[in-house]
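Student: Hi! Could you walk me through this one? I'm new to reading structures.
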Amino acid sequence: MSNDDHKAYHRMLNAGGSMWELDAATAPVPPVFARTLQTTSHTTAFSSAAIEPLPEDFMPEVAYIEWLQQHYGIPPSFTLEQLPDFKLYWLETGEARKAWQNKFKNHVIYQWKRQQSEREQNPHRTTAEKLTDTSWADSLDI
């Protein structure tokens, strides 16, 4: 669509023409949408936005594991430990989503922050550590 067509379309809108009254063929389509939208006979959808249930063989991509480690300091071992619970829950619900990798990333971040918060509130110490703790005497001058 040329610049003149674009201006004419907006003039019609500004003159009080409703969007639904204007010819859809004359409406300008931003270049971004023209490239990424695919039109089918039933719906218009983004080509990469497939909504589907969690695949049985779901595995997080290495890029996500590395990103979690780099940005949140989450060890890859912790990330992979979250996979069974994540899969168990989402396979059981059967709910369909667009971005499972991102959903898993957010799950790992949530679990990591939750674990860190619990450690701060209730530090886990073994009985031996508790019995041999002499930190109470550090402030005493004898």
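Tutor: Happy to! Helices (H or I, at least four residues) and strands (E, at least two) are DSSP runs, numbered from the N terminus. This is a predicted model, where local features need pLDDT of at least 70, side-chain atom pairs count only at pLDDT 80 or more, and totals for chains, interfaces and linings use all residues. Residues are numbered from 1 along each chain as its sequence is written, and side-chain values use heavy atoms, leaving out hydrogens and water.

Student: How much of the chain is buried?
Tutor: Of its 142 residues, 18% are buried, meaning under 20% relative accessible area with a 1.4 Å probe, protein chains only.

Student: Switching to α6, which of its residues are buried?
Tutor: Among them are Trp100, Phe104, Lys105 and Trp112. Their cover includes α3 (62-72) and α5 (83-93).

Student: Then what is Lys105 in contact with?
Tutor: Leaving aside neighbours within four places in sequence, Lys105 is in contact (heavy atoms within 4.5 Å) with Tyr64, Trp67 and Leu68.

Student: And what should the span of α6 be?
Tutor: At 1.5 Å times one less than its number of residues, the 22 residues of α6 should span 32 Å, and the end C-alpha atoms are 31 Å apart, which agrees.

Terms used:
Buried < 20%, exposed > 50% of the residue type's maximum accessible area, 1.4 Å probe, protein only.
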